[in-house]
Amino acid sequence: MKSYDPGWMAEQAARVAWTCTITLDGYIEDIDAAMAAEDYATAVECAGTSLFLIGYCSLLLNGHQNPDGEEEMLTALTVHEPRWLDDLCALPAAMTADAVDAERARQAVNKAYRGLRGRVPFTVPMVRTPQGFFPSLRVASEVEKLRSALGLEPFKWDFD
Amino acid sequence: MNEPPPQPGSIDDCLQTVSTTAEELHELLGSVTDGGDLYLVGSLAARLGTSRSDIDIHIFTDDEKSSDAPMMFFRDQTIVDLRFYPRRMPNRACEELADRWVTLPFGQCSLGATPAPAAQTRLSRWATSVPFADGAPALLSPAQRMSVARTLVRAALEKTVRFAALGELFDHAGMDSRAAWRRAGRGAVETAVRASGEIFAGSKWLWAIARRAGLDTSFLVSADTCRSVEDFHAVTRLARLDLGPADRLVRVSPSEYERFRLSGGDFLLIGKGQLCTAPPSHALEEAPLHMAVKNSRAQLVAELLGQRLLSIRVDTDALDKAIA
């Protein structure tokens, strides 16, 4: 059995779970699609964005508040968790990437993603699929129920 | 600068990528679209999508209420994403754009303030949209598309300046600045891409679009590997753009906070979820970034940005002077 801070679960963990399903998982799929199309530059670029988002999720899980926009995210990572920047800057150059480079980038993302998933206490089904859409709405309503029980305002669904 | 980007091919040319047609989509969507003018937007309209891309459709109606909240349908495993807007909204949005611009070595760039990011995204989609109906007019006129293009060049340049300013700040603070410079290099590419006429520039398509735009390979490689201020200067030399130190083009402003005096010291509450020890009050004053660094320590300014007690924005007038 594990116990969790309920406020952390209702805010940081929920935001990470939703970031994974709405944004991060899509970029990781895009790496695979780009590799299949032999577009290695796009595969590496998507890997960079994926690592950046994984770093952002790590910030949240470690209790930091939600940065607003890319500049705030990068600043928060630089100040609080610079190790993610090592992974990001270690990626091969996108413009000149070949299949080996793109595969290396994919593996780096997969490793980081497995580490992230191990820390998230719940997952949200893939919202942007016919099978996952309605189950994801049920998870959303459970999150709101938890927040209401804690006296929190409704979740800010701003994932653009 | 190139002419406004040519209108893409027919709607069915664009939809072929995801193996569907306009007629099939009309059947799927049914009466939801009655009374509206449908336009394909996004990566498929910009001829960048793949077989796994979403189908993004904007529908313009006489209803004056608008919302960016999407309505989602599914065609097999493909998402069909609908958003509804008032018919007059694209024209109104273009009327609000700056009407002054300058011609820079890489293209035209607007002067003055830029619209909010959500508005920029809408404008880039509208400028590259494809009508569903045969013979229907383009959503924006060529003159409007040029105005959008200049605005998006300015927006990309401002983003480049903000990240370059962060790179300078982190260098002064002895922090790892590589990611900030990496992002500034990408910002330079995005600026050049938009200036070439490729208005739609979603981040993951950056290199595909840059190649399609025929940008100089040495510039692209230099920008891609940008990890330091020296690298960034090499990038801007290749782009023939010298703005001087970026920290003179951005300002820091304090965020809203509430002060609590507890025994042991002063604490600041930011939003409802973050409490930190209060810095010296002069560190929370609005100022150009280079002055904020001079008055406080660079490391303190970086920490205050990281704690969201300060935020940065481009000084519109300073950037106008630098490029005009």
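Predicted model: local features only at pLDDT ≥ 70, side-chain atom pairs only at ≥ 80, totals over all residues.
Leaving aside its neighbours within four places in sequence, which residues is A:Leu116 in contact with?

The partners of A:Leu116 are A:Val16, A:Cys20, A:Leu24, A:Ile54, A:Cys57, A:Ser58 and A:Leu61. A:Leu116 also belongs to the largest nonpolar core, which holds 123 residues. Together with B:Leu169, B:Val189, B:Phe219 and B:Ile323, A:Leu116 touches the most other members of that core. Helix H2 of chain A, residues 40–61, gives the most to this core, namely 15 residues. There is also a second, separate core of 19 residues, and B:Ile11, B:Leu25, B:Leu40 and B:Phe73 are among them. As general background, nonpolar side chains tend to be buried together in soluble globular proteins.

Let us turn to the place where the two chains meet. Here, 39 residues of chain A are in contact with 41 residues of chain B. The area buried between chain A and chain B is about 3,700 Å², and carbon and sulfur atoms give 56% of that area. On the side of chain A, the three residues A:Glu71, A:Met95 and A:Arg128 supply 21% of the area that the chain buries against chain B, more than any other three residues.

Between chain A and chain B, the count is 13 residue pairs in polar contact. Which helices of chain A each supply at least two residues of the side that touches chain B? They are H1 (6–36), H2, H3 (70–80) and H4 (83–89). The largest share, 9 residues, comes from H3 of chain A. By type, the residues on this side of chain A divide into 18 nonpolar, 10 polar and 11 charged.

I now come to the salt bridges. Over all chains, a search of the whole structure finds 33 of them, and the count between chain A and chain B is 7.

In one, the side chains of B:Arg186 and A:Glu45 meet with an N to O distance of 2.9 Å. In another, B:Lys204 forms a salt bridge with A:Asp30, and the closest N and O atoms are 2.7 Å apart. B:Lys204 lies in the loop between helix H6 (178–195) and helix H7 (206–212) of chain B, while A:Asp30 lies in helix H1 of chain A, so this pair joins two chains. In a further example, B:Lys159 and A:Glu70 form a salt bridge at 3.3 Å, N to O. This pair joins two chains because B:Lys159 lies in helix H5 (residues 142–173) of chain B and A:Glu70 in helix H3 of chain A. B:Lys159 is partly exposed at 22% relative accessible area, and A:Glu70 is partly exposed at 25%.

Other salt bridges lie within chain B. B:Asp37 forms one with B:Arg87, with the closest N and O atoms 2.3 Å apart. How many residues apart are B:Asp37 and B:Arg87? They are 50 residues apart, and the pair links distant parts of the chain. B:Asp37 is in strand S1 (residues 37–41), whereas B:Arg87 is in the loop between strand S4 (78–86) and helix H3 (89–95) of chain B. Relative accessibility is 35% for B:Asp37, which counts as partly exposed, and 31% for B:Arg87, which also counts as partly exposed. Finally, B:Arg100, B:Arg154, B:Glu158 and B:Asp320 are linked in a network of salt bridges.

Thank you for your attention.

Terms used
Residues numbered from 1 in each chain as written. Chains lettered and ligands numbered in written order. Heavy atoms only, no water. Core = buried A, V, L, I, M, F, W, Y, C linked by side-chain atoms within 4.5 Å. Buried < 20%, exposed > 50% of the residue type's maximum accessible area, 1.4 Å probe, protein only. Helix = DSSP H or I, 4+ residues; strand = E, 2+ residues; numbered from the N terminus. Contact = heavy atoms within 4.5 Å. Buried area = accessible area lost by both parts, 1.4 Å probe. Salt bridge = Lys/Arg side-chain N within 4 Å of Asp/Glu carboxyl O. Polar contact = N/O pair within 3.5 Å; in protein donor to acceptor, adjacent residues only side chain to side chain. Nonpolar A, V, L, I, M, F, W, Y, C, P; charged D, E, K, R; others polar.
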